[in-house]
Every structure is written in C-alpha cells, then in structure tokens.
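Have the viewer open as you read.

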Amino acid sequence: MTVITEADLIESVADALQFISYYHPMDYIRALGVAYEAEQSPAAKDAIAQILTNSRMCAEGHRPICQDTGIVTIFVKWGQECRLDSTRSLQEVVDEGVRKAYLNPENKLRASILADPAFTRRNTKDNTPSVMHVEMVPGSTVSIDVAAKGGGSENKSKFKMMNPSDSIVDWVLEMIPQMGAGWCPPGMLGIGIGGTAEKSMLLAKESLMGAIDMAQLKARGPKTDIEALRIEIYDKVNALGIGAQGLGGLSTILDVKIFDWPTHAASKPVAMIPNCAATRHAHFTLDGSGPVYLEAPKLEEWPDVNWTPDKAAIRVDLDTLTPEVVQTWKHGDRLLLNGKMLTGRDAAHKRIADMLAKGEELPVDFRGRVIYYVGPVDPVGEEVVGPAGPTTATRMDKFTRMMLDQGLLAMVGKAERGPDATKAIAERKSAYLMAVGGAAYLVARAIKGSKVVGFADLGMEAIYEFEVSDFPVTVAVDAAGENVHQLAPLVWREKIAREGLLVGA
Ligand SMILES: O=C(O)C[C@H](O)C(=O)O
C-alpha cells in the first residue's frame, strides 16, 4: 500500500499551481510560435506577438500570464493501492494546496472564486474550492492533472443533446462564430462526445489536458475516425477567419482534442469547451516518495518575439480627452493611452445600476472619463499593480447605455461588443477600444499608478483609477458604429477561401 501524505499532496498541488501561473505549456508556445510565423493578418500577428512576449516575461518574472488566474480544476486518477494519510477529505487537502499557491506572497494570484453564486457572490479570498474529479484506477500511484481555467473561455462552453444522425462538424461550425472572441483565441477546443450530458462535458474538459500535437497528426495522417474528425474540425474552424482575438486571421485554434464514450441509442450528447491563450495545465504523479516539483522550461525555448508599442500609433491624452477627439478615431486605429483611466467590471457595473435605480450618488464621476474593464492581480514587490489584462466586454453590454448616460467617453476591454452596445456607442458617438486578452503582465507595464476610488469591498472588482503611459489599444467600435470584430473575420474568411491559404499553425 502506497501512503500519500497530506503534506506531499498539498506541496505538489501548490507547486503545480504556481508553476502554471507563469509557465505556459511548451507545446502551446511552440504551436503559437508557428502560428505567429504563418500569420498574414497584421492585427492578429500583433496580438500573437503580445501574447508571446507576455508569456516570456511571465516565465522570467514568475508572475501570472493572465490577471484571471483561473478556477482550479483537478483530475485525479487514484491508484487503488494508495491511501491518503489524513483525517481530512481529499477535497479539503487539495484545497489546502490551492490556498497555499494562491496566497503565496512572492507571486500572489488573483482570488476569483465567489461563493453563493446565485445571490451574494462573496469572494472566498483564497480561490478555493477547486473543482475536482476523482477516478479510482488500478495501481500504486496517484496521477494528477492540475489546470487553472480562465473564466472567459469557460463562459463560452457549449453543449447539445444531438439527434444521433446530426453532424458534429456542422454544430461546431455554427457555435464558433457565436462564441465570439471572449475565449481569447488562438487556443484549443476540447470536445466530448457520448455518455450522458454531464459525461460529455467532463470528456471535453479532460481532453484539454493533452499536449498540442495537431502538426504531428497532420504530418502522419489520421489513423482513426476521431483523428480524422479532429483534423476536419481544425481546418474548417480556422477557415472561418476569426483569428487571434477575433481580429481576423489564419489561426483561430491551435488544436482540437476529442474524447468519446459509449452512449444511449437515442442520444448523441456533444460538449465543446475552449481553452484560452492562457492555457494552463500540468501533470504529476505521486508515488509516496515525497512531493513533486515540476521542472522549469528553458527560456531559450520561447520564440524570439519581442513586442514593442507601434511607433505609428496615435497618442491619446486621457486627461484632456473630448468627445470631438473620440469621434476622430476610426475602427482599426492603434492608440496609445496616456493619463488617468477608471476601471470597473461585472460587480461594479451591477452595483452602479442598483445605486442609480435607488437614486443614490455614485462614488465616482464618470463624465469625460474612459473606463477599463479589468480585475487586476494584487501587486507584489515594486509593482504598482499586478497583471491587469482586459476582461470580456460583452458582459458589460447591458450596462453600456447606462454608463454612457453618466457621461463616459469610451470603454476599454477585450473581444467584441454585441449589437445593442454597438448601437449605443454609435448613437452617443462614443468608442470601444480593445486590448489584447492574455497579455496581462505586458499590459500592466503601461500602468504607472493605481488607487481604489470606489467600492473597495469588491476587491479586484473595485473601481480603480490607473495612471497609464502608452497603454496599447485598438479601436474596435468607432463613433460611426463600425465594428472590427464583425468586419475583419469576414474579410479573412473570404481571403482564405479565395487564395486557398493554409490555415492554422
Ligand atoms: O476575469 C477576468 O479577468 C477575465 C475573464 O477571464 C474573461 O476572459 O473575461
């Protein structure tokens, strides 16, 4: 009987979570490097350059790849000849490891988990509990996959109970455009086919724990129907031209993973879960001999890509910004923002709406201001703020009109805006600016000052005032309502079809 001690499990889980917070898996970095070389869309290439540069900076600086340090998801294969030496449950012991990792003072990670999700949504403050799936297997070791799944990509998960004769490829191609860019492409698609409703979801999620091997698979050719399906979905999704961050381009996905399971004669459940640019997972095996520490990758393995701000970009002074200046910006323009910018995301917007409904005075005057949708990581050491990349703007769509009514001039976030928000932006001659999701540490370098100016109790969801210097954004919706996320993928889809471009990495 192998004895697994509490201490070994806690230490190994904590080490793996710290590790994946700043080291991308190398298979992802290699595939993204190939996608970068192949990319022909300047906007998508710039976004991939930011993600690659950010990744290397995080590996060097041991700080999180993304401000969203994820919901911890753990797959445990527990050997039947192993015993956990603890009076606590496996969930409690694993969560002790999560707590230790997320509260590590040298690299404090963002606490994103809220208890009582339907009502008070209270932050648990240490990112616990994790979501754990345990399977008993033959053997005398414990094998663990640890992942930290970003909320933006998790939000785009899809499920369908198909008729047995329905086409999986058709459904995927219908879903991908609906998912927009909030899942931070280029990433991976995990697909689960069969079993029951919940089993297919688990299969999809577990499939994402695998390494990216699409190039090798395509080179050797498919040997099974599932492999052929992976290639077909990979090629057809990339041919949609959505591209990095939805900016139009050749690489929307870097791989498709598929797990399947026998199902009922009446059913064909299919689940699809995307993994974002902040792909984070690691694997280790405990054999009773002590904790496992993962081996650091070599920095030379990162592609030699060093993003710097575009010198031709338009410099904007936020402190003297006027509606007239906002109206001169055209969709696709690159801007470098300078001066003071407010922040606010889901909880702050909801509270503003509640306060306005009650006729209460807001803690912040939004007139003439720009708001950045972000929930930053707390700073460590000399930092003024930790990694602070944009959150998905679409979730703030329902509040856009309300915020523009408060005198807001423009918004900064990631991914597309929906039709209502785009219409409101055009009516008020405002603008929506897009920063690159998955480049949070790089973006945070442009933030020179940070203070909380409202709703301090909301933690990372409070309203901050950032002082920024050359903060890079692209005009995604301009005052005329022109929207890059609608226009660019169409252009690239047609170009790919017309020129027969080789898509993907
Ligand atoms: O929570 C965040 O910071 C970002 C979120 O993962 C998102 O992609 O919208």
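Which residue in E11 is the bridge partner of Lys158? The partner is Met272. Before going further, please keep in mind that this is a predicted model, in which local features need pLDDT of at least 70, side-chain atom pairs count only at pLDDT 80 or more, and totals for chains, interfaces and linings use all residues. Residues are numbered from 1 along each chain as its sequence is written.

Helices (H or I, at least four residues) and strands (E, at least two) are DSSP runs, numbered from the N terminus, and two strands pair if DSSP finds at least two bridges between them. E8 and E11 are part of an open sheet of four strands, in the order E8-E11-E9-E10 and with mixed pairing. Strands E8 (158-162) and E10 (253-261) have a single partner strand each, so they stand at the edges and one side of each is left without a neighbour in the sheet. On average, neighbouring strands here are turned by 15° against each other, direction ignored. For such angles, axes are lines fitted to C-alpha atoms, for helices over the stretch in contact, and angles run from 0 to 180 degrees between N-to-C directions.

Helix H7 (residues 197-207) packs on this sheet and touches E8, E9 (187-194), E10 and E11, with its direction at about 150° to that of E9. Here, two residues are in contact if their C-beta atoms, placed from the backbone, lie within 7 Å. Helix H9 (residues 225-238) lies across E9 and E10 and runs at about 145° to E10.

**The sheet with E2, E6, E7 and E12**

Another open sheet of four strands has the order E6-E2-E7-E12, again with mixed pairing. Strands E6 (131-137) and E12 (281-286) are at the edges, each with a single partner strand, so one side of each is left without a neighbour in the sheet. From one strand to the next, the twist averages 15°. Helix H1 (residues 6-22) packs on the sheet, where it touches E2 (71-79), E7 and E12; the direction of H1 makes about 160° with that of E12.

| Strands | Sense and bridges | A bridge pair |
|---|---|---|
| E7 and E12 | antiparallel, six bridges | Ser143 and Thr285 |
| E2 and E7 | antiparallel, eight bridges | Phe75 and Asp145 |
| E2 and E6 | parallel, seven bridges | Lys77 and Glu135 |

**Domains and the ligand**

Three domains divide the chain: domain 1 (1-148), domain 2 (150-279) and domain 3 (314-489). Their bounds come from an automatic or database domain assignment. Between domain 1 and domain 2, the C-alpha centres lie 21 Å apart, and the contact takes 28 residues from domain 1 and 25 residues from domain 2. On the domain 1 side, H2 (26-38), H3 (42-61), E2 and E7 each supply at least two residues, and the largest share, seven residues, comes from H2. By class, that side of domain 1 has 17 nonpolar, seven polar and four charged residues. In this scheme Ala, Val, Leu, Ile, Met, Phe, Trp, Tyr, Cys and Pro count as nonpolar, Asp, Glu, Lys and Arg as charged, and the others, Gly among them, as polar.

Where does the ligand lie? Domain 2 and domain 3 both give residues to the shell around the ligand, so it lies between them. Among the surrounding residues are Gln67, Asp68, Gly150, Gly182, Gly375, Thr391 and Gly437, a residue being near a molecule if its C-beta atom, placed from the backbone, lies within 6 Å of it. The shell has no nonpolar, nine polar and one charged residues.

**Record and backbone details**

Residues 11-284 are 39% helix and 24% strand, with end C-alpha atoms 12 Å apart; residues 288-486 are 21% helix and 24% strand, with end C-alpha atoms 54 Å apart.

Two cis peptide bonds deserve a look. One joins Thr128 and Pro129, with omega about 0°, and Pro129 sits in the loop between E5 (122-123) and E6. Another runs from Pro185 to Pro186, with omega near 5°.
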